[in-house]
Amino acid sequence: MGAERGCVVTTRAIPRRDTAESERKSPVSHVKLLRLFKTIRSPLLKLIYLCHVIGRCTLVNIQSRFLAANELLRTLVKVFLRVISPGARGGSAMADSNSNVVVDNMNNLNNLRKNFVCGVVEGFYGRPWTPEQRKDLFAKQQKWGMNCYLYAPKDDYKHRAYWRELYTVEEAEHLTALITEARQHNITFYYAISPGLDITYSSQKEVSALKRKLEQVQQLGCNAFAILFDDIDPEMSGADKEVFQSFAHAQVSVTNEVFTHLNQPKFMFCPTQYCSTRAVPSVQTSEYLNTIGQKLAPEIDIMWTGPKVISKVLTVEHIREVTEVMRRPPVIWDNLHANDYDQARLFLGPYCGRSPDLIPLLRGVVTNPNCEYGPNFIAINTLSQWSKSSTLTSCDNNDAVSADIRLETEGDDSSDDCPTGLSPATYHPRRALRMALMEWLVEFNRPISAFGTIQQPQIPTPVPILPSVNTCMSVTSTTTATTGPQPNINLLAEAVQDASFNPAMNPVMNSLVSENKIVVDTVPEEADTASTVSQDTSTTSGVEPMDCNPSPATSPPHNEDIMLVENGETAKVESDTEDSTTPVVDPETPEDETTTTIKKSLTLPLDTMLDNVEDELTVDDLQLLADLFYLPFEHGKQGLNILNEFNWLKMNSHLVIDHKKNDEETPKPEVQEWFDRAAKFDETAKNVKKMSNRLNKVKNRSLLYDIYPYVWDMHGVISLLNSYVKWLALGQVSSLVSNYVHGNYTWFSKGWREAFMSGDQEPWVFRGGLTAELQRLIPVDASNDLFVYKTPEVPLNHAYVIRPYLPEDRAKLYRLILRTSDDGRDGTTLYAAHTDLPGDLAVGSFLESLEEVVVMVVEDEWGDIVAYASAAGNSVAQTARNSSYLAQIREKYPKVTREEGVMLTPCEELLVTLASEPQAPPEALAASHPAVLNISCLPTIADESITKRLLTCMLASLRSKGVFSGHCSVSVGEKHTLELYSRLGFLELATQSTTLYLGRSF
């Protein structure tokens, strides 16, 4: 059941008689205490007994000293009764018996926990883990006191798609090695099989094939099994309908027969209705679930995900209801940390929403975590802490979670703290997270290599609320730029919940044979297909999340200026241009003369970086990472702070306008507050960058490869927000900015936050996580295509900064334009006689009127400008400014006239244009797409996200000025420039003479 399905795994279920016995030994209720009190005749004994009860209740709250104090009190009562009344031994025995209740309950709980199933289920959709990762998991589970692992990767070879096929000798050897490794670490290895896609339940041949398959695994040393019937068509075939009374009877028949055939080993069963929302019509009245509970062998454990596929909270009442219907305590298949339904999200928050009071009521809990193995450290570690916590001394976990959410929402700094005075045996999510992070930090320094390129599925386009698609439904949605009334969020969510789902076939894989890299049996999509994301909803309907979030296609060939090194390092190399400002290390240059050059042209070697204390990853870095990728129904404290601060700065940017207009020397308090908060936001963005850079330098490259796509995208988005805030600080926005940048379907829309945190909807209703929430705050409603780009194939240490143009940038900007003046390629040779000419014609007039236009640049870590964009909200006014500027610079250049039969050089062609007036855009175009934009980037920058993020910032700036669409012009024959604008979402709108006009809305 993947993240959206509820499969299961654990050890054998506790017989119902054991459950009843544990209930008899549980602490007596107040009614029972009163009845017991009335049976005591002696007033003295009543007083003694009353003192004992009061003392016992008081001692329960004295958490860590409870057992010792209770034992002392019990002994004192016994001695006292024996001294004062030999005839009161019956009362003494009664008092002694009752004082033993708590101790007996603790012993019973300890015995129960010995049989409590606690572990991990590899049950998600997508790329399975490798054998080496599974072996590493077994070692960690043993260290943390966990006891089971369920092998159930949905897309693994021969588990689901080809379940009938026996394992080859090679596959069997690898599976045997896994089973043996698990046994050596005292981990019960459950082998799960999913035959439900196409099994004929009434066919003895099919049942024999299932027996034969499991017999083979049993001969390999496996003594625990699971049959999973999740995420399948609930309709039986015609042949099955003739034999079985119902779907449940068919599944029970096959399962019981296989269970008996294997000599009744430890066994688990995952029903098709594995959560309350899938129970028809309800849990209590479901004929399917009641049949399963009645007919399935009582020794077989049943898996359950809770009220929903991904359940925010599990309550005692809910578990008791399920136990009653299933006639046994369930094994919880917990999808809290699963991300296969939305791989734009990663979950690094603690295990929460489940009170330790559930432990005596459950057969066990297995977590079905993130698809990426490395980041699951927190999910598994905190689950192990939870499973060992005390139910007698625990705070109310659900209340703690709710309190944390309230505090975070209100921006209270105390939300990151735990309540004081907690016993070491008490579980609290915040404390558990901090402990897990401290232990996880060690993992990053383990020298583990990564193999191949980063394979993480690409981050999808953010959508307003409905998912593009997920593994539980086939519903599509696109972002609209409507400004009318916002739809009711709950109604939209209900539409999603009611949608049907027909699982599509993902590529099947063989993770048993491959040691280092997963072997994909199907032919991958072509690069061109993966690199194009259509916004047409009709093209995405009915596909799996893995299809709509495709793995990054092969990146464009890396040009000579950026060398990718296996460990993720980068080196910037001299271009072919003679006057390039990027130095090259001359082999013959003395060492002392090359020091500065090396620092500028190369990043430091990996080992050298790690020796620098400033470059070492810290627990605070990991806390920031966890807060940015928290839980399905919560954003972490620091993530919420970024949301709140950016929105406040955006909505109050009019304060800066008033300050600039009034030319105030001393800003007003509210203006000063804006700049102070902008400075703090800049500091936060720097902390994210610092965390990202430190992660890039860790020794555990395998772990880095797992989290890099998420961190890379999050860093890019926060950097983009910070660039926009810096532009807002210039005070160039419209006075009506709040009307233009409010946005639809954001964290601050009415009802959005409440619906997100309520847990009433499945988390795939809100796709994209915090990254998408931040993207939705950028005022570019109709530009979601700009958030779709390919993750680099290897981690890159260099970073780019998008910022407003400064006057001192003019020389560097002119140089960039020169290097892209030949249809995006280097024109230094072509315009050697007049190197400033391309720059004057491209941006000269913009730079002379910065108050009226927007100019932004992209700067690399060496201080070079590698891309720029310029825009004016009114193209007609900009044409007039161009004309005025040309008149000023005509004296600067020689006059060239065109003569018949004389071939002009490219430089002379440009000089000819100086004598003519600039061409104005067609009137209709200027009316429908009033803004004019220009954008250019060095061809050696292979990362397409650079230009997309630059354009996003430009469009957001224009929207802040009250402009919602714009155009650009391209000369006929400029193929590369046309391709650049096309990749950025510009469409051809008009043609005038030899000029093409392209435009887009935002």
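**Figure 1. Crossing of helices α26 and α35 in the predicted model.** In this predicted model, the axes of helix α26 (residues 701-728) and helix α35 (residues 945-960) come within 10 Å and cross at roughly 35°. The crossing in which α26 passes α35 is right-handed. On the α26 side, the residues that meet α35 are Trp712, Asp713, Gly716, Val717, Leu720, Ser723, Tyr724, Trp727 and Leu728. Their counterparts in α35 are Ser945, Arg949, Thr952, Cys953, Ala956, Ser957 and Ser960. An α-helix has 3.6 residues a turn, so residues three or four places apart point the same way.

**Figure 2. Helix α24 and its packing partners.** Four residues of helix α24 (residues 654-662) are shown as its buried set: Leu655, Val656, Ile657 and His659. These buried residues pack against α25 (669-696) and also against α26, the helix that crosses α35 at roughly 35°. After α24 comes Asp663, with a positive phi near 50°.

Figure 3. Glu645 belongs to helix α23, which comprises residues 637-651. Is this residue buried or exposed? Glu645 counts as buried because its relative accessibility is 15%, and the limit for a buried residue is under 20%. When residues up to four places away in sequence are not counted, Glu645 touches Arg677 and Phe681.

**Figure 4. The closed barrel and the pairing of β1 with β2.** A closed barrel is formed by 8 strands in the order β1-β2-β3-β4-β5-β6-β7-β8, and the pairing is parallel. On average, neighbouring strands of this sheet are turned by 25° against each other, direction ignored. Strand β1 (residues 117-122) and strand β2 (residues 148-151) run parallel and are joined by 4 bridges. Within this pair, Val120 has Tyr149 of β2 as its bridge partner.

**Figure 5. Strand β5 between β4 and β6.** Of the 5 residues of β5, 4 are buried, so the strand is largely enclosed by the rest of the structure. The pairing of β4 with β5 is parallel and extends over 5 bridges. Strand β5 is also joined to strand β6 (residues 301-304), in parallel, by 2 bridges. Met268 of β5 stands opposite Ala226, and Met268 likewise stands opposite Asp301 in β6.

**Figure 6. Helix α11 and its buried residues.** Helix α11 has 15 residues (247-261) and reaches 21 Å from its first C-alpha to its last, close to the 21 Å expected at 1.5 Å a residue. Which residues of α11 are buried? They are Phe247, Ala248, Ala250, Gln251, Val252, Val254, Thr255, Asn256, Val258 and Phe259. Asn263, which follows α11, has a positive phi, near 65°.

**Figure 7. The open mixed sheet and the pairing of β14 with β15.** An open sheet is built from 7 strands in the order β13-β14-β15-β16-β17-β19-β18, with mixed pairing. Its edge strands are β13 (800-804) and β18 (987-992), each of which pairs on one side only. Neighbouring strands of this sheet are turned by 25° against each other on average, direction ignored. Strand β14 pairs with strand β15 (residues 865-872) in the antiparallel sense, over 7 bridges. In this pair, Met856 stands opposite Ala869 of β15.

Figure 8. Glu848 is located in the loop between α31 (837-847) and β14 (853-860). With a relative accessibility of 48%, Glu848 counts as partly exposed, because only values over 50% count as exposed. Apart from neighbours within four places in sequence, the contacts of Glu848 are Arg810 and Tyr885. What links the side chain of Glu848 to that of Arg810? The two side chains make a polar contact at 3.4 Å. Glu848 and Pro807 are separated by 41 residues in sequence and by 10.0 Å in space, taken from C-alpha to C-alpha.

Key
Residues numbered from 1 in each chain as written. Predicted model: local features only at pLDDT ≥ 70, side-chain atom pairs only at ≥ 80, totals over all residues. Heavy atoms only, no water. Expected span 1.5 Å × (residues − 1). Buried < 20%, exposed > 50% of the residue type's maximum accessible area, 1.4 Å probe, protein only. Contact = heavy atoms within 4.5 Å. Pairing = 2+ DSSP bridges. Axes fitted to C-alpha atoms, helices over the stretch in contact; angles between N-to-C directions. Polar contact = N/O pair within 3.5 Å; in protein donor to acceptor, adjacent residues only side chain to side chain. Left-handed = near helix turned anticlockwise from the far one by under 90°.
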